[in-house]
Amino acid sequence: IANKPENMKLGPFGAGSTTQNTKKVKIRDHDYPGYSFAEQLKRPLFYMMCAAVILSCVCLYMVSGFVVPHFRSIGLSSSQAASYQSIYMLVLAGAKLVIGFLYDRFGAKPVMIGCMLCGIAGQGLLGLSADPVLGLIGILLFAVGLCMSSIMVPLVAASLFGYKACLSVNG
């Protein structure tokens, strides 16, 4: 006992309490303070995260602008293409709620990988298909993948960098 008082969960001498705090702080807890923004600028993880966000947003949002012209080019009328875009927006709104729930349940890594796979599959189906049904399936998968750049960025930034610097890192 004299050699290892921590085995009895005793605090160090003069700490003010007789027991030590044994709660481990997890990164996803709100107790994880993280680093200040000035400290973040010195870490390579910050720059890798910024590059990943810029690259994914460019790749994903560019496709959103070409959905209606693409469907027009494969033979759909303007009203049908607009209907597909409306379905895409409704699925996107619902997927944001589902992705947020899945993040709370499983964490950032599996949800981010799932969003990436859906985005890749959706872009592949949109780019390679001349069939409106495959295009609709592609746009629905793409809507789930688009959640990666809209709601996953603040959630991942909070879990990677802590809640102390979350707002400044997101900005």
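Helices here are DSSP runs of H or I, at least four residues long, numbered from the N terminus. With that in hand, this predicted model is quick to sketch: the chain has 8 helices and 0 strands, and reading along the sequence gives α-α-α-α-α-α-α-α. Of the 171 residues in the chain, 31% are buried. Among contacts with a separation of 6 or more, 67% come from residues 24 or more positions apart.

Helix H5 takes in residues 108–128 and helix H6 residues 132–150; their axes come within 7 Å and cross at roughly 150°. Angles over 145 degrees count as roughly antiparallel, and H5 and H6 are therefore roughly antiparallel to each other. The crossing of H5 past H6 is left-handed. On the H5 side, the residues that make the contact include Met112, Cys115, Met116, Gly119, Gly122 and Leu126, while H6 brings in, among others, Leu134, Gly138, Leu141, Phe142, Gly145 and Met148. Sorted by type, the contact residues of the two helices come to 15 nonpolar and 6 polar, with no charged ones.

As for H6 itself, its length checks out. At 1.5 Å a residue, its 19 residues should span 27 Å, and the end C-alpha atoms lie 26 Å apart, which agrees. Several H6 residues are buried, including Gly135, Gly138, Ile139, Phe142, Gly145, Cys147 and Met148. Those seven also turn up in the contact with H5. Ala143, Leu146 and Ser149 of H6 are buried too.

Methods:
Residues numbered from 1 in each chain as written. Predicted model: local features only at pLDDT ≥ 70, side-chain atom pairs only at ≥ 80, totals over all residues. Heavy atoms only, no water. Axes fitted to C-alpha atoms, helices over the stretch in contact; angles between N-to-C directions. Helix = DSSP H or I, 4+ residues; strand = E, 2+ residues; numbered from the N terminus. Parallel < 35°, antiparallel > 145°, perpendicular 65-115°, else oblique. Left-handed = near helix turned anticlockwise from the far one by under 90°. Contact = heavy atoms within 4.5 Å. Nonpolar A, V, L, I, M, F, W, Y, C, P; charged D, E, K, R; others polar. Expected span 1.5 Å × (residues − 1). Buried < 20%, exposed > 50% of the residue type's maximum accessible area, 1.4 Å probe, protein only.
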